[in-house]
Amino acid sequence: MTVCSDLSLFAEGKVVDVARSLAPLPPVQHPRENPPSAAKISLGRELFFDARLSRNDRVSCASCHEPNKGFSNGGRFGKGIRDQRSTRNVPSLINVGYSHPLFWDGRSATLEEQALLPIQNAAEMDMPLEVLEKKLHGVAEYRRQFAQVFDGAVTAARIGQALAAFQRTIVSTDTPLDRYVGGDRTALTPRATKGMQLFFGRARCSICHKGPELTDNRFHNIGTVDPEIPDDSGRRAVTGRAEDQGAFRTPQLREVARTAPYMHSGKFQTLSEVVEHYNFGGVTDTANDHRDEILEVLYLSEDEVEDLVAFLREGLTSPDPPIANP
Ligand code: HEC
Ligand code: HEC
């Protein structure tokens, strides 16, 4: 049976690009300027788990992006080298190679550039790049590996390249949805199948969580403005445009059951809370003039809410948690 024979299920309403959404996820693209190699990815992995990249040797990338918590940290916020609280939820790095631009507000263009920001951020790893270059140059094993991979010395730019190459291998491509799209019509439970139909149909999720990547990589205000962190203007801080107030990048959704809590503010603990939020049209008790007009009250029954949650929880979770390039 072909995937297309099922498309009528999703064709109702204004839903766009359904055929493309149900196409197989293409492999992650590595940029021409930073081609991957086994040695580079392996170096990137070592750097990712190495707390010496922080000023006081306490915090590595993996302290906040923990592999066994879906490369997030399971909490509302991250914790820096002096236990400072980050101002946003730690995003999962699963399938981050498909996301651009990076950060909730899109302020960084590439993974190569992004990697150097938490290293220098005083609230995270607090490590000036010149100090880091000297520190790693003092480690014989790193000197050897940088020479092997880059035919040169330890530099900040190369640290960024190795970390980026490694992160592009943190992938989830074997969820029940992927198997379903690949032609296995038994991959999703009946409940998750109903949820999928809602997702790509009446619940309108795939207007934004679209394409095989399940994201449009664009910015929307979906009513997650949080009274606890009222000054987070989101995308507006990057573009300066009033209409971007409270807009954040649409996240990809594979393995989302492993990465609670949710949203830039970590304000929802469960996927049911997330779906209920959408069911009520993304309305919050905080004043919000910029909510995306795509959102509307969905009138999903309690059963349908559960179907949608089943699709998110079972349909988008692969049997084994993604570990990067084992
Ligand atoms: C103290 C906790 C912490 C540490 C340490 C940390 N991060 Fe993050 N990371 C975050 C938070 C919080 C965000 C979201 C910030 C934002 O969007 O404004 C983030 C965002 C990211 C993103 C963007 C993901 C996306 O979907 O846009 C990437 C990639 C990333 N971090 C990689 C790294 C790497 C590589 C390191 C190590 C060099 C690292 N992080 C260290 C907390 C941390
Ligand atoms: C108007 C575009 C849009 C629509 C429609 C939409 N989303 Fe989202 N979604 C987003 C954005 C933007 C975020 C991040 C918002 C934030 O962090 O404040 C998000 C976040 C999420 C998250 C949290 C992911 C995480 O890692 O924190 C889930 C789960 C989710 N959406 C599921 C859905 C479902 C299910 C539907 C349909 C009922 C839906 N979305 C409809 C844009 C949209």
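View 1. The shell around ligand 2 is made up of 18 nonpolar, 5 polar and 3 charged residues. Here Ala, Val, Leu, Ile, Met, Phe, Trp, Tyr, Cys and Pro count as nonpolar, Asp, Glu, Lys and Arg as charged, and the others, Gly among them, as polar. You are looking at a predicted model, in which local features need pLDDT of at least 70 and side-chain atom pairs count only at pLDDT 80 or more, while totals for chains, interfaces and linings use all residues. Residues are numbered from 1 along each chain as its sequence is written, chains are lettered from A and ligands numbered from 1 in the order in which they are written, and side-chain values use heavy atoms, with hydrogens and water left out.

**View 2. The neighbours of ligand 2.** Altogether 26 residues surround ligand 2 (one heavy atom within 4 Å is enough to be near). The closest are Cys205, Cys208, His209, Thr224 and Tyr278. Look too for histidine 264, where a backbone N or O atom is 2.7 Å from an oxygen atom of ligand 2. Two or more shell residues come from each of β2 (248–249), α12 (271–279) and α13 (302–315); helices (H or I, at least four residues) and strands (E, at least two) are DSSP runs, numbered from the N terminus.

**View 3. The iron atom of ligand 2.** Which residues coordinate the iron atom of ligand 2? They are His209, through NE2, and Tyr278, through OH, at 1.9 to 2.1 Å. Histidine 209 sits in the loop between α10 (190–200) and β1 (219–220), and tyrosine 278 in helix α12, 69 residues apart, so the pair links distant parts of the chain. Donors are N, O and S atoms within 2.8 Å of the metal (3.2 Å for Na, K and Ca); water is not among the atoms, so sites may look incomplete. The arrangement is octahedral because the 6 donor atoms subtend angles of 85 to 179°; for six donors, this term asks that opposite ones be over 155 degrees apart and all others between 65 and 115.

**View 4. The iron atom of ligand 1.** Here the protein gives a single donor, His65 (NE2), 2.1 Å from the iron atom. Histidine 65 belongs to the loop between α3 (61–64) and α4 (111–114). Of the 27 residues around ligand 1, those that come nearest are Cys61, Cys64, His65, Phe103 and Trp104.

Methods
A polar contact is a pair of N or O atoms within 3.5 Å; within protein, one must be able to donate a hydrogen and the other to accept it, and residues adjacent in sequence count only if both atoms are side-chain atoms. Four donors count as tetrahedral if all angles lie between 85 and 135 degrees; four count as square planar and six as octahedral if opposite donors are over 155 degrees apart and all others between 65 and 115; anything else is irregular.
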